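Take a walk through this model, one region at a time. Keep the sequence and the coordinates open as you read.

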Amino acid sequence: MSMSKQQKLINVDLTELANGAIQEKLDHTMKDVMTNILNPNTDAKKKRKVTITLTMAPSENRDTLTLDAQVKAALVPENAATTTVLVGRNDSGYIEANELKSGAKGQTYFDSTDSKLKTDTGEDVDQVEKEASSAKPAPKVIDFQQQKKETN
């Protein structure tokens with residue numbers, strides 16, 4: 001018995017199985033892959049992978065089977081975000097930690113977002129100086145010119 005080219009003996013079309021659910025899963029996974037590729041925080045050169053796993057469990061008398069389909073993507077993780085954190089104890093002995101924003105400990109920097117001078121941890125220098133001057137009494141200024149006049 002010869003078969004014509006159009007007659008198929010195994011009619012398992014992935015796009016139509018489970019009312020199109022497998023194709024829908026593939027479409028969703030492909031969207032995730034494309035989103036991952038377009039993410040500027042991932043390595044553009046690394047390959048992504050989509051795997052479709054078909055698991056078939058035959059019945060006891062082997063006249064039917066249950067077909068389970070899973071679609072998985074192997075995506076590229078986002079690049080690490082790295083920073084430097086200053087760690088130490090304050091004058092009261094409590095542990096403090098602040099992100100170093102200036103590039104070097106103790107160095108101030110100009111913050112272009114608000115056009116202000118900032119400390120190495122991002123605090124407004126004007127505000128820090130204002131708080132420091134209000135917390136401590138101003139040092140007494142000795143006016144030598146005045147003393148000279150008084151003694152003459």
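**A loop, a charge network, a helix and a pocket**

Serine 115 sits in the loop between β5 and β6 (116-118). Strands here are DSSP runs of E with at least two residues, helices are runs of H or I with at least four, and both are numbered from the N terminus. The model is predicted, so local features need pLDDT of at least 70, side-chain atom pairs count only at pLDDT 80 or more, and totals for chains, interfaces and linings use all residues. Residues are numbered from 1 along each chain as its sequence is written, and side-chain values use heavy atoms, with hydrogens and water left out.

Stay with serine 115. Its phi is positive, about 60°, although serine 115 is not a glycine. Most residues other than glycine have a negative phi. Serine 115 counts as exposed, because its relative accessibility is 52%. The cut-offs are these: buried is under 20% relative accessible area, exposed is over 50%, and partly exposed lies in between, with a 1.4 Å probe and protein chains only.

Arginine 62 also has a positive phi, near 65°, and is a residue other than glycine. Its place is the loop between β1 and β2. At 72% relative accessibility, arginine 62 counts as exposed.

Now the charges. Side chains of opposite charge can pair when their charged atoms come close. The whole structure holds 3 salt bridges. Each needs a side-chain nitrogen of Lys or Arg within 4 Å of a carboxyl oxygen of Asp or Glu.

Which residues does the salt-bridge network link? Asp111, Asp114 and Lys118. Lysine 118 meets aspartate 111 at 3.0 Å, N to O. Lysine 118 also pairs with aspartate 114, where the closest N and O atoms are 3.0 Å apart. The burial of these residues can be read off one by one. Lysine 118 is buried, because its relative accessibility is 8%. Aspartate 111 is buried too, with a relative accessible area of 14%. Aspartate 114 counts as partly exposed, at 33%.

Aspartate 111 lies in strand β5 (residues 109-111). Leaving out residues up to four places away in sequence, aspartate 111 touches Lys116 and Lys118. Contact means heavy atoms within 4.5 Å. Lysine 116 has a salt bridge with aspartate 124, at 3.4 Å, N to O. Lysine 116 is partly exposed, at 38% relative accessibility.

Turn to the helix. Helix α1 covers residues 21-38, 18 residues in total. From first C-alpha to last, α1 reaches 26 Å, close to the 26 Å expected at 1.5 Å a residue. That expected span is 1.5 Å times one less than the number of residues.

Which residues of α1 are buried? Ile22, Thr29, Val33 and Asn36. Seen down the axis of α1, the buried residues fall within an arc of 60°, so they line one face of the helix. The arc is taken over the directions from the helix axis to the C-beta atoms. The face turned away from that buried side carries the exposed residues Glu24, His28, Lys31 and Leu38. What covers the buried residues of α1 includes β1 (49-58) and β2 (65-74).

Lysine 49 is found in strand β1. Lysine 49 is exposed, with a relative accessible area of 54%. Apart from neighbours within four places in sequence, lysine 49 is in contact with Lys72, Ala73 and Ala74. Serine 102 is 53 residues away along the chain, and the C-alpha atoms of lysine 49 and serine 102 are separated by 40 Å.

Last, the empty space. Rolling a probe the size of a water molecule over the atoms shows where empty space is left. The largest pocket holds about 370 Å³ of space. Of the 16 residues that line the largest pocket, the closest to its centre are Leu86, Glu96, Asn98, Asp120 and Thr121. A pocket is an open set of points on a 1 Å grid over the protein atoms alone, where a 1.4 Å probe fits, with protein on both sides within 12 Å along at least five of seven lines; lining residues have an atom within 4 Å of a point. Grid points are joined across faces, edges and corners, and the volume is the space filled by probe spheres set on the points.

Which strand gives the largest share of that lining? β3, with 4 residues. β3 (85-89) and β4 (95-99) each supply at least two residues of the lining.
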